[in-house]
Amino acid sequence: MVFFVCEDCNETLKRLKVAQHLCRCSCSAITCVDCGATFHDDSYLQHATCMSEAERYEGNLYKAPKKKNAQDAWAELVQAACADRKDAPPAAAKLLPRLQGFENIPRNQKKFCNWVKNSLNLRGGDAAAIDALWSYLVARRDAARAAPAPAPVAPAPAPVAAPPAEKKKKKKKRNRDDETPEERKARKLRKKAKKAKKKAA
């Protein structure tokens, strides 16, 4: 839940109580407690979610959850519908602005209808408007689910390593045809000396 601080009287306010406070207090701006962002006029309405305590205190060590909670996804969808209500039916369009700021909106139709009646104080006979609002939100949810997910980028294929080249043993070419008898004798003596050293070792 997002909390704000009044810049004039330093009162801490829940998001839903800010409008009442702005009527009583002559403050020029309010500041978000978590991220420190300052808002003038009614621009705070777009600040529906903020960093979590874990994100705030863990800093660079924070790891965001891989998958969104279903309730959080639903709340985001409702807030997006409140902000962009051009294609909403007239009965739903008049109720959407009143949903801004709520985070605990039920995802079940029966619970949703009861919640809207109680939270928006619609105890009269606005059942048609509530049904139109529910139908509009469900249509948006279904459209979001049906939208093709962005195709994952295939990782580049790993380069295939070439098989290691076999090292060819270099054979010393000895051209013994050109040896003189003295060179041949010296070579045989060296060979015998090597053998004698190996036996001695």
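Visitor: Let's start with the big picture. How many helices and strands does the protein have?

Guide: It's a predicted model, so keep that in mind as we go. The protein has eight helices and four strands. Starting from the N terminus, the elements run β-β-α-β-β-α-α-α-α-α-α-α.

Visitor: And what share of the 201 residues is buried?

Guide: Buried residues make up 25% of the 201 in the protein. Buried here means under 20% relative accessible area, while exposed means over 50%. Leu-133 is a handy case: with a relative accessible area of 0%, Leu-133 is buried. You'll find Leu-133 in helix H7, residues 127-146.

Visitor: Which residues of helix H6 are buried?

Guide: Here's the general idea to begin with. An α-helix has 3.6 residues a turn, so residues three or four places apart point the same way. Now look at helix H6, which covers residues 109-119. Its buried residues are Phe-112, Cys-113, Trp-115 and Val-116. Viewed down the axis of H6, these buried residues fall within an arc of 165°, so they line one face of the helix.

Visitor: What sits on the other side of H6?

Guide: Over there, Lys-110 and Lys-111 are exposed. Another lysine of helix H6 is Lys-117, and Lys-117 is partly exposed, with a relative accessible area of 34%.

Visitor: Now to charges. How many salt bridges does the structure hold?

Guide: As a general point, side chains of opposite charge can pair when their charged atoms come close. In this model there is one salt bridge. The side chains of Glu-11 and Arg-24 meet there, at 3.9 Å from N to O. Glu-11 lies in the loop between strand S1 (3-6) and strand S2 (12-14), and Arg-24 in helix H1 (residues 18-24), so the pair ties together parts that are 13 residues apart in sequence.

Visitor: Are those two partners buried or exposed?

Guide: Take them one by one. Glu-11 is partly exposed, at 33% relative accessible area. Arg-24 counts as exposed, with 61% relative accessibility.

Visitor: Where do positive charges gather on the surface?

Guide: Look for Lys-188, Arg-190, Lys-191, Lys-192, Lys-194, Lys-195, Lys-198 and Lys-199, which form a patch of positive charge on the surface. Lys-198 is exposed, with a relative accessible area of 69%.

Visitor: One more thing: how do I read separation in sequence against separation in space?

Guide: You compare two values for a pair of residues: how far apart they are along the chain, and how far apart their C-alpha atoms are. Go back to Leu-133. Leu-133 and Ala-88 are 45 residues apart in sequence and 8.3 Å apart in space, C-alpha to C-alpha.

Visitor: What is the C-alpha separation of Lys-117 and Ile-130?

Guide: For Lys-117 and Ile-130, the C-alpha atoms are separated by 8.1 Å, and the two are 13 residues apart along the chain.

Note on methods. Residues are numbered from 1 along each chain as its sequence is written. This is a predicted model: local features need pLDDT of at least 70, side-chain atom pairs count only at pLDDT 80 or more; totals for chains, interfaces and linings use all residues. Side-chain values use heavy atoms; hydrogens and water are left out. Patches are made of residues with over 30% relative accessible area and no salt bridge: like charges are joined within 9 Å, nonpolar side chains (Val, Leu, Ile, Met, Phe, Trp, Tyr) within 5 Å. Accessible areas come from the Shrake-Rupley method with a 1.4 Å probe; for residues, only the protein chains shown count as cover. A salt bridge is a side-chain nitrogen of Lys or Arg within 4 Å of a carboxyl oxygen of Asp or Glu. Lys and Arg count as positive and Asp and Glu as negative; His and the chain ends are not counted. The place of a charge is taken as NZ of Lys, CZ of Arg, CG of Asp or CD of Glu. Buried means under 20% relative accessible area, exposed over 50%, partly exposed in between (1.4 Å probe, protein chains only). Helices (H or I, at least four residues) and strands (E, at least two) are DSSP runs, numbered from the N terminus. The arc is that of the directions from the helix axis to the C-beta atoms.
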